[in-house]
Amino acid sequence: MIRINNIKKKYNNTEILKGIDLNVEDGKVVAIIGPSGSGKTTFLRCINHLESPDEGVISIGGKRVVAGSSKKKEILELQRKTAFVFQNYNLFRNKTAIENVMLALTVVKKYPKKKAREIAEELLDKVSLPRERFEYYPSSLSGGQQQRIAIARALALEPELILLDEPTSALDPELVDGVLDVIKKVAKEGITLIVVTHELSFAAEVADEVVFIDNGEVVEKGRASEVLGRPRELRTKTFLRSIQREYSLIG
Ligand code: ADP
């Protein structure tokens with residue numbers, strides 16, 4: 001069980017997160033939706049302390065961190081329970097596809113190189129990166145392929161929780177579905193996921209729970225079919241209408 005209580009964060013005296021709570025049962029998928037600038041990324045980064053929250057308590061897999069009073073070592077232990085998938089992949093540019101995944105295994109898990117390579121190959125197969133691309137550098141790969149590598153790297157860490165920050169928003173439209181399919185596959189394996197996304201049909205299909213954040217607070221949360229299909233709050237309805245309009249304009 002992942003417990004996140006009362007997360008608050010200010011930047012330059014502006015309150016960005018106003019006390020966010022979220023509990024996630026093991027193996028569940030939570031989709032976070034909301035307008036641009038509402039604090040979704042900040043919240044995700046606060047969960048694993050990529051960003052330090054000003055207040056709040058986070059427990060993941062028995063590791064508990066209290067904002068402001070936990071030690072560096074405790075924060076590191078919490079971070080080791082998580083993996084983060086960034087919008088812009090964040091791969092090492094001077095490492096090949098397979099080396100990017102192997103690094104997680106040799107440096108973090110301390111596996112010998114041979115074992116790390118075997119596991120990295122399995123993981124890259126799982127995310128459907130073609131074998132002939134394993135030795136390519138990120139700059140020679142498509143965004144979709146780079147994001148697949150980032151997902152394989154996250155899996156290599158065997159985290160309790162994977163945080164994904166708009167994992168398909170930097171991709172060319174034709175590459176989005178392939179990466180969403182990989183995330184669906186990961187979700188089916190029972191790893192707990194929290195994913196910030198604008199892909200509402202993906203959220204509807206994959207998420208056990210949808211959380212709508214606006215202006216630094218949770219406005220509405222519940223089963224995906226309820227929040228997306230029968231939203232209670234006016235702000236949720238307005239947001240869903242705006243995003244559908246945007247998508248129908250694109251499509
Ligand atoms: P979202 O992911 O919902 O688009 P963000 O969490 O990225 O929203 O940003 C929420 C607000 O916090 C925005 O107004 C943004 O400008 C501000 N913000 C985010 N990161 C920083 C930072 N490092 N310093 C100052 N302001 C920030």
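1. The largest pocket has a volume of about 700 Å³. On a 1 Å grid over the protein atoms alone, a pocket is an open set of points with protein on both sides within 12 Å along at least five of seven lines, and its lining residues have an atom within 4 Å of a point. Grid points are joined across faces, edges and corners, and a volume is the space filled by probe spheres set on the points. Lining this pocket are 25 residues, of which Gln 79, Thr 82, Ala 83, Val 108 and Leu 157 are the closest to its centre.

2. This is a predicted model, in which local features need pLDDT of at least 70 and side-chain atom pairs count only at pLDDT 80 or more, while totals for chains, interfaces and linings use all residues. Residues are numbered from 1 along each chain as its sequence is written, and side-chain values use heavy atoms, with hydrogens and water left out.

3. Where does the largest pocket lie? Domain 1 (2–81 + 160–250) and domain 2 (91–158) both give residues to its lining, so the pocket lies between them; the domain bounds come from an automatic or database domain assignment. The largest share of the lining, five residues, comes from α3, where helices (H or I, at least four residues) and strands (E, at least two) are DSSP runs numbered from the N terminus.

4. By class, the lining of the largest pocket has 13 nonpolar, five polar and seven charged residues. Here Ala, Val, Leu, Ile, Met, Phe, Trp, Tyr, Cys and Pro count as nonpolar, Asp, Glu, Lys and Arg as charged, and the others, Gly among them, as polar.

5. The ligand is surrounded by residues including Tyr 11, Ile 16 and Pro 35, each with a heavy atom within 4 Å of the ligand. Helix α1 (residues 40–47) gives the largest share of this shell, three residues. Among the polar contacts (pairs of N or O atoms within 3.5 Å), a polar side-chain atom of Lys 40 lies 2.8 Å from an oxygen atom of the ligand.

6. A search of the whole structure finds one cavity of 30 Å³ or more, a cavity being a set of points where a 1.4 Å probe fits but cannot get out. About 40 Å³ of space lies in the largest cavity, and its lining consists of Ile 151, Ile 162, Leu 164, Ile 183, Val 186 and Leu 193. By class, this lining has six nonpolar, no polar and no charged residues.

Terms used: Polar contact = N/O pair within 3.5 Å; in protein donor to acceptor, adjacent residues only side chain to side chain.
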